Amino acid sequence: MASTQTAVRASSAPSALLCAAAVVTASALLFGGSGLHPVWWLTWFAPLPVLAISRYVSRRATFVVAGVSWCLGTLNMWHYFLGALGMPLLLVLVFSLIPACLFGVGILMFRSLMSRGALWKASLAFPTFWVTLEYVNNIFSRHGTFPNLGYTQMDFLPILQLTSVVGIWGITFCLFLFPATVAALLARPRNISFPARLAAAVAAFFALVFGYGAWRLIEMPAAEGSIKVGLTATGTNTTFPRDDPSALELLREYSGKSEALAHDGAQLIVLPEKIALVSDRGTEQVDALYGSTSARLGVSILVGLDRGTIAKRWNEARLYFPDHGRPIAVYDKHHMVPGFEDVDQPGTTITVVNERFGPWGMQICKDMDFPDLSREYGRKSVGLLLVPAWDFTLDRWLHGRMAVMRGVENGFTVVRTAKQGLLTVSDDRGRILAQQDAAYVAVGTLLTTAPVRHDETLYSRWGDWFAWLNMAALGGILIGLVRSRATPRGPL
């Protein structure tokens, strides 16, 4: 009996060390490779330690290691959730534990397929599972694609070009296919020879992905035209007046900033979201102010404001042209920030303005978290998207880059002006043409030339076809897994 207990303790010691090493490594990689300021290359390796040990420890240990690794790795968002957003601790715990459990389920699926010798299916099940989760979340969540891991790759332009074909779902697929394949090759059962065809197929797939990305960054058609844009927004002294006299005073200050930008050569000026709350009568005064300012300066001006009452209002972007006394276009925000904009009434239509070098479109801040809305502008051949916004300071990089991805998916330039955030102009390849941090200054300004050009993309035409393909593939793998026997077999 004593010798048996000693043998059990000896055999469990390596497993415990493997689990501890996997938790430390995976959580550190995820912590650095995700969050508000991710280091893109770390994300590619984050799931690998847990996948690699899953064949050598029990199912329970695998699930616990995966869940703990995810929870520790996503602690990088707690300060943002608790501080900037003011979320209750219990809700933050739920937002951490649910994806942690789902991550564990994905790892267990990989482990189960590996035990059957189904290396191809194991490599594909993990990424298709996570793409399916992210897509379902995008459909039903009020936050859209905000939690998607694809945004961790915004500094890696070659992989970003894939979104013009398959959307953000393609990046997530790549991020999970790579570690799953590596783990399958390293941890394959002893009775299975090296799966050269699997290695070659995945290597060819990534060569195609990166080759397409490199080609698209080089192949850059000339813009139909360009326009000099001016952006300005408040940072440290941001206020949100809710009465007409205070609102109009602040809007006059913004009008003065617009005048300075126009004198420096700006042809289009984009102001931020929700400068103030104004009544319907106050809105008429705003129209008179910016209609005359636009005509006097000879520039187009986009103004973001809330119109209505404290209890019911519309978050609007109002666009003024020099030859019109009133706004030529008004866009109402579609997607509201839960808890902060519950009284705002959602818009239902997009706004397209036909200009000499091609159509312009408008969205507001959180609208850019939802790919479907931007895809409507892509189908309208928009070449320039104007986005007034208001960030939470801490999330200024991440939220600004989410808007940049919409431009790559649908082939247009994005001009985004964010209070307490970044002033950014990006092209349809995701390159940052100009940027100014307005979060920690009283008032930030940016003046640059923006190309106006639309690039037709497959994603604009076909939409989320790749996400549906992942769901179909996952369904087939799960059906096969349920029907298969528990005995290991060779690679399929």
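Are Tyr-135 and Trp-169 buried or exposed? Tyr-135 is buried, as is Trp-169, where buried denotes under 20% relative accessible area, exposed over 50% and partly exposed in between (1.4 Å probe, protein chains only). The model is predicted, with local features requiring pLDDT of at least 70 and side-chain atom pairs counted only at pLDDT 80 or more, whereas totals for chains, interfaces and linings use all residues. Residues are numbered from 1 along each chain as its sequence is written, and side-chain values use heavy atoms, leaving out hydrogens and water.

**View 1. Aromatic pair of Tyr-135 and Trp-169.** Ring centres lie 5.1 Å apart with planes at 90°, so the pair is edge-to-face (Phe, Tyr and Trp rings, the latter by its six-membered ring, pair with centres within 6.5 Å; planes under 30 degrees apart are stacked, over 60 edge-to-face, the rest tilted). Tyr-135 belongs to helix 7 (residues 119-140) and Trp-169 to helix 10, 34 residues apart; helices (H or I, at least four residues) are DSSP runs numbered from the N terminus, as are strands (E, at least two).

**View 2. Aromatic pair of Phe-173 and Phe-466.** This edge-to-face pair has a centre-to-centre distance of 5.4 Å and 85° between the planes. Phe-173 counts as buried at 8% relative accessibility, and Phe-466 is buried at 12% relative accessible area.

**View 3. Strands 10 and 11.** Strand 10 (residues 413-419) and strand 11 (residues 422-426) run antiparallel, joined by 4 bridges. Val-415 stands opposite Val-425 in strand 11.

Methods: Two strands pair if DSSP finds at least two bridges between them.
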